[in-house]
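Good morning, and thank you for coming. Please look at the sequence and the structure on the screen, and I will then take you through them.

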Amino acid sequence: ALVEALRRIGPAVTASIVSLGADDPGARRLIAEVLALVGGTGARVTLLEWTRDAEPGVRAAAWRALGVIGVDERAAYHA
């Protein structure tokens with residue numbers, strides 16, 4: 001229900017979700033997974049940064065999210 005509500009809000013919610021990861025690096029894996037479910041295309045730059053995170057689970061979740069959201073030219077280059 002929460003994911004569906006976030007989807008209905010749309011792109012306006014993406015920045016708020018991303019800011020949680022900036023404030024709490026320990027939550028980045030979960031946030032990346034939520035962004036994949038919500039389809040936060042506005043999070044591509046942040047997710048690309050998280051692909052270089054020290055935590056392997058965060059890196060994997062960021063790449064999965066990018067795969068679901070869709071990659072732009074920059075992310076395709078790094079992939």
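Let me begin with a definition: a residue is called buried when its relative accessible area is under 20%, exposed when over 50%, and partly exposed in between, using a 1.4 Å probe and protein chains only. What you see is a predicted model, in which local features need pLDDT of at least 70, side-chain atom pairs count only at pLDDT 80 or more, and totals for chains, interfaces and linings use all residues. Residues are numbered from 1 along each chain as its sequence is written, and side-chain values use heavy atoms, with hydrogens and water left out.

Confidence comes next, and pLDDT is the predictor's confidence in each residue, from 0 to 100. The protein has a mean pLDDT of 83, with 97% of its residues at 70 or more. Helices are DSSP runs of H or I with at least four residues, numbered from the N terminus. Confidence is highest in helix H5, at a mean of 91, and lowest in helix H6, residues 73-78, at 72.

Let us turn to arginine 28, which is found in helix H3. Is arginine 28 buried or exposed? Its relative accessibility is 18%, so it counts as buried. Contact means heavy atoms within 4.5 Å. Leaving out residues up to four places away in sequence, arginine 28 touches Gly21, Ala22, Trp50, Asp53 and Val58.

Aspartate 53, one of those partners, lies in the loop between H4 and H5. Aspartate 53 is also buried, because its relative accessible area is 14%. With the residues up to four places away again set aside, aspartate 53 touches Arg28, Val58 and Arg59.

The buried residues of H3 include Ile31, Ala32 and Leu35. This buried set packs against helix H1 (2-9), H2, H4 and H5.

Now to the core. A nonpolar core is a set of buried Ala, Val, Leu, Ile, Met, Phe, Trp, Tyr and Cys residues joined through side-chain atoms within 4.5 Å. Which members of the largest nonpolar core touch the most other members? Among its 20 residues, they are Ile17, Leu35, Leu47 and Trp50. Helices H2 (14-23), H3 (28-38), H4 (44-50) and H5 (56-69) each give two or more residues to this core, and H5 supplies the largest share, six residues. Beyond its neighbours within four places in sequence, leucine 47 is in contact with Ala32, Leu35, Ala62, Ala65, Leu66 and Ile69.

Finally, tryptophan 63 is found in helix H5 and is partly exposed, at 30% relative accessible area.
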